[in-house]
Amino acid sequence: MPVIALSYSRLQKLIGKVSKKQISDSLPFLGLDIESEDKNLVRVEYSPNRPDYSTDIGIALGLQGLLGIKTGALKLKIKKSNEYSINVKSGVSKIRPYVTGIVAKNGKINEEILEQLIQMQEDLHMGIGRKRKKSSIGIHDLDKISFPLTYTTTNRNAKFIPLKSTKESSVSHILENTDVGRDYGYILGNSAQVPMIIDSNGDTVSFPPIINAAITTITTKTKNLFVEVTGINKEDAEDMLSVVVTILQTAGFTLESVKISGAKNSSPKLEPKKISVNPTLINQMLGLNLSTSKIISSLKKSRLDASIKGKNIICTIPAYRFDIFGPMDLVEETALGYGIQNLKPTLSSSQTLGQINPISIQLKSLSQIMIGLGYLEALNSSLSSKRVLYEMTNRNATKIISVLDSKSQEHTILRDSILPGLLENLSRNIHESYPQKLFETGTIFLEDNPINEKTSFAAVSAHPDANFTEIKSILQAALQTGFSLEIKTKTSTHETFEKGRTASILVNGKTIGVMGEINSKSIENYKIRVPVVGFEIHLSGLIFD
């Protein structure tokens, strides 16, 4: 989770008449976790779905509502202008097809605001920008740019002076020899053409999503800004822009529109959306009996607008609150505005007594047996990556189950095996002493309609003398001690295990898994320094249905 450092004295100036204690007490009820406090400074962790909290300006905006100083949605005031435009060429459509932007004038940039803008930019890149892959942002000194601009493509021999440099460099040199080029150059693939924003004088403004040109660097002397966002999806690019626009207006800048045209691009609207919610739903979910007027005032404290229409409340959501999708989100916003501290916890009435799930009892018993055998329990995420699940273990990747809109760029695939995760654990502990013995029980996901969820049990043992006999005896002891099950093995083959040292595991004539010595290629891929043996079996249908 991203973390931001805040100054209490600066927050007091931004919010209005409020004490340090009021701010400190209110931060957690804004959904911010306080990591540390040191006199005037406080470090807070915020949720990536609230990128407006990447600056103290955005946090002050939220606190003003929560403390009742300023309530209701912030209304963007964007002056329509014909002075600024970006013409998009068709060449970018297969590389990075969308661009959007805004002009912000007559602001004051001191060291604090400059630091906040840089922090916001990087947090936006890492969060909703998915490490710049989905969208990236450039903030420029407007007065160093000649409009109209052109968003086009150029070859890798094109040269310009990049940010924080005084020497002209080619695109190829930037991608191959700078940290930012090596970190993000993969986004552009192997295309001979790369995207570029060029002004009317032919000067490079930006090389998205890699780096800005040095000429447009913003400093404490900058008064007018040009903000551009490029991306692979128009909606994502405009979401990112909406956050920046909100922060800049709140910081005192006046906004002017930028006309975008060409290659299916259009000017950003940044308009609020409306969602209807029934007050009954809110009261049922929160266990309260709030009047409609109280719900409306609570929503306004969350910096939203709301009004009554018939039996429902129509809520107006500003563009930067793209984390709000439907009525249940408005229930949460009502709770925040009402005050989490004002909610009184009560035990719900029940006609039955709770008890531990029988499956949990069996899994706990299995865990205790493995711990007794000298193994350490691991707990890996059900979401993994193609690299860990398939590439490193040489497994077939034809039946991948991917998750749409994963919050993580790397962890996007539901695991169909536990064993690769345990091998990844070993690879991250190669500097620790051996033997290393790990096990895990958990859910795996198999392709079916609907997706088939099964409980799997896997273990690995890594040390210089690891062998097939060892891991077979461990599995036999675990199943026989806990469940009186006798296993048999039959020679077989598997992509992850060494040929000739691999066996299928059978119980009552039914194949339940595989065991053996991990093959040398997998061990090399994970950079593990000793032999590894392991097994994985399906518990579903074996010790429970």
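**Figure 1. Lining of the largest cavity in the predicted model.** The residues that line the largest cavity divide into 7 nonpolar, 3 polar and 6 charged. The structure shown is a predicted model, and the volume of this cavity is about 120 Å³. Its lining comprises 16 residues, of which Leu30, Arg50, Tyr53, Gly62 and Ser302 are the closest to the centre. Helix H3 (56-66) and H10 are the elements that give two or more residues to this lining, and H3 supplies the largest share, 4 residues. Because domain 1 (3-66) and domain 3 (274-340) both contribute lining residues, the largest cavity lies between these domains.

**Figure 2. Crossing of helices H8 and H10.** Helix H8 (residues 279-286) and helix H10 (residues 327-338) have axes that come within 10 Å and cross at roughly 65°. The crossing of H8 past H10 is right-handed. On the H8 side, Leu281, Ile282, Met285 and Leu286 take part in the contact, and they meet Pro327, Met328, Val331, Thr334 and Ala335 of H10. Sorted by class, this contact contains 8 nonpolar residues, 1 polar residue and no charged residues.

**Figure 3. The second largest cavity.** By class, the residues lining the second largest cavity are 3 nonpolar, 3 polar and 2 charged.

**Figure 4. The second largest pocket.** Two or more residues of the lining come from each of helix H4 (111-126), strand S7 (135-141), strand S12 (204-207) and strand S13 (211-212). H4 gives the most, with 6 residues. The lining of the second largest pocket divides into 14 nonpolar, 9 polar and 4 charged residues.

**Figure 5. Backbone geometry at Arg130.** Arginine 130 is not a glycine, yet its phi is positive, at about 50°. For comparison, most residues other than glycine have a negative phi. Arginine 130 belongs to the loop between H4 and S7, and both of these elements give residues to the lining of the second largest pocket.

Figure 6. Tyrosine 434 and proline 435 are joined by a cis peptide bond, with omega of about 5°. Proline 435 sits in the loop between helix H13 (419-427) and strand S24 (436-446). A cis peptide bond also joins asparagine 449 to proline 450, where omega is about 0°. The loop that holds proline 450 runs between S24 and strand S25 (452-462).

**Figure 7. Domain arrangement of the protein chain.** The domain assignment gives domain 1 (3-66), domain 2 (78-266), domain 3 (274-340) and domain 4 (358-538). The centres of domain 2 and domain 3, taken over C-alpha atoms, are separated by 36 Å.

Definitions and conventions. Residues are numbered from 1 along each chain as its sequence is written. This is a predicted model: local features need pLDDT of at least 70, side-chain atom pairs count only at pLDDT 80 or more; totals for chains, interfaces and linings use all residues. Side-chain values use heavy atoms; hydrogens and water are left out. Axes are lines fitted to C-alpha atoms, for helices over the stretch in contact, and angles run from 0 to 180 degrees between N-to-C directions. A crossing is left-handed if the near helix is turned anticlockwise from the far one by less than a right angle, and right-handed if clockwise. Contact means heavy atoms within 4.5 Å. Ala, Val, Leu, Ile, Met, Phe, Trp, Tyr, Cys and Pro count as nonpolar, Asp, Glu, Lys and Arg as charged, and the others, Gly among them, as polar. On a 1 Å grid over the protein atoms alone, a cavity is a set of points where a 1.4 Å probe fits but cannot get out, and a pocket is an open set with protein on both sides within 12 Å along at least five of seven lines; lining residues have an atom within 4 Å of a point. Grid points are joined across faces, edges and corners, and a volume is the space filled by probe spheres set on the points. Domain bounds come from an automatic or database domain assignment.
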